[in-house]
Amino acid sequence: MTTSALRAADPQSSRPPPGTPTALRVVASMIGTLNRAHRRTWRPAGRAAGRGHRVSEAGGLSVELPPDLARVYGLVKDLAPLPPDDTEERLRTGRAWLALSADLKKAVGEVEPAAAHVWTANEGGDATAFHAHWNADQGPRRQLLDSAEAADDIGIGTLFVAVLRKLWVSAVIFLLGVLAISLVWAALSGPVAGRALATGQIRGVRAALHALRQAVKRNIGELVVKTVKRAALLLLTLGGGPLGALMYLENRTLSPVTARERTEKVLNETALGREALAYAREHGIDIEYVDLEPGTGGTYSDERNEIKLNTNGSPADQLAQTFVHEVNHARHSGAPDPSNPSQKDYISKAIDEEVDGKVKSFELAAALEQERGTDVQENYGYDAYKAGYDHAVYAEQEARRLRGDPPAAGAELHAIGDLGGRAELKTFLIRNTSYPEQFALQWLLHDG
């Protein structure tokens, strides 16, 4: 199961500050209980003391939530990513593209009479050739008009995204407020009834967020992506070169057939990839290549025995690594068991499985590098794994040197490094993804 790389909320913030109203202190205590398995002292970057939490899925400016809503946000964060607060910048950019379009259309209006004068006031082959060139499909007039249309498309798409993002943030904050108030009533209803009520309210808000998010994605997919892609293709036909090509490639979604062919070709380059392909076929795993949200590499469903791989901007090398990762989930289908009475144990085992899948994907990247003799971009988390691996190897060799023992080598040394790498990667995932909250919620909402 792969998720966007969202920073986990600080569980220590579940402790209400002095002076907090009693009801809110009860709610904060409840949220702390719901997330009791996740305990660490890490604080997210950008948090302003005494003001709230800045939450964002990427760099740049971020949305600031009041402390009480920030605590509630941890319960729905995996369904409600908050984008950087860059609405004004996006509006300026959209308006600039529309202004460029207007200028280009104005230029056509000003230049066309002068151009027409050339072939009406003159006779001969040169005038006829100029007339044909000016009005040709790739002539100056058509290029100016197509450029204006491309600028219009980009401007409209950019403005639409800005409006949708603003509406999305407003809706998320509204639903967080509804959830916070609902949890107050739940907390005042007693421990048994309160937990049942709180669980129902969380499920309801999560369902609303899921439906709203799907609607936003549908709107973006149906209008914005189409307009930007059309603009990119127009720029390409105009000889727009690097700009058009870059826009087209960055907004391109591979067709399912193309994605499957390219991914399987990469997997067949190594023994590890071939083995993962064979396992999927032998166990009847349904492999779907679909357009998922950016940042999501893929998912695996125990219930449907189904892997979904993201074709949205994911090159074949990364799709192959994600394939191996998700097949690892399939190998452990049904584990860990959310009916485990210990939430802490369940979360730890679930994150261990994520670590194992990521290490498998790193091993595939290393095997591809060995086969090709060129570098391969590893999937998310590799730097943390490598740092832990190198540190563990260095510490072991230094300890042996001080004892006067021979240095470790071969499989023994790799096992030591791998253990250190996995430990560092697990810490990294706990601190920098929504896995802890996601698995805490899975455990909490398990029907048993």
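Colleague: Where in α3 does the kink lie?

Modeller: This is a predicted model, and in it α3 bends by about 30° at valine 111. That kink comes shortly before a proline, proline 113.

Colleague: How many residues does α3 have, and what span does it reach?

Modeller: Helix α3 runs over residues 87–121, which makes 35 residues. From the first C-alpha to the last it reaches 51 Å, close to the 51 Å expected at 1.5 Å a residue.

Colleague: Next, burial. Which residues of α3 are buried?

Modeller: Start with the general idea: an α-helix has 3.6 residues a turn, so residues three or four places apart point the same way. In α3 the buried residues are Thr87, Leu91, Gly94, Ser101, Leu104, Val108 and Ala115.

Colleague: And what covers the buried residues of α3?

Modeller: The cover includes α4 (125–135) and α5 (140–187).

Colleague: Staying with α5, is isoleucine 181 buried or exposed?

Modeller: Isoleucine 181 sits in helix α5. Residues count as exposed over 50% relative accessible area, so isoleucine 181, at 53%, is exposed. Together with Trp185, Leu188 and Leu197, Ile181 forms a nonpolar surface patch with about 450 Å² of accessible area.

Colleague: Zooming out, what share of the chain is buried?

Modeller: Of the 448 residues in the chain, 44% are buried. The chain holds 14 helices and five strands. It exposes about 22,500 Å², with carbon and sulfur atoms supplying 57% of that. As for contacts between residues at least 6 apart in sequence, 68% join residues at least 24 apart.

Conventions: Residues are numbered from 1 along each chain as its sequence is written. This is a predicted model: local features need pLDDT of at least 70, side-chain atom pairs count only at pLDDT 80 or more; totals for chains, interfaces and linings use all residues. Side-chain values use heavy atoms; hydrogens and water are left out. Helices (H or I, at least four residues) and strands (E, at least two) are DSSP runs, numbered from the N terminus. The expected span of a helix is 1.5 Å times one less than its number of residues. The bend at a residue is the angle between axes fitted to the seven residues ending there and the seven starting there. Buried means under 20% relative accessible area, exposed over 50%, partly exposed in between (1.4 Å probe, protein chains only). Contact means heavy atoms within 4.5 Å. Accessible areas come from the Shrake-Rupley method with a 1.4 Å probe; for residues, only the protein chains shown count as cover. Patches are made of residues with over 30% relative accessible area and no salt bridge: like charges are joined within 9 Å, nonpolar side chains (Val, Leu, Ile, Met, Phe, Trp, Tyr) within 5 Å. A salt bridge is a side-chain nitrogen of Lys or Arg within 4 Å of a carboxyl oxygen of Asp or Glu.
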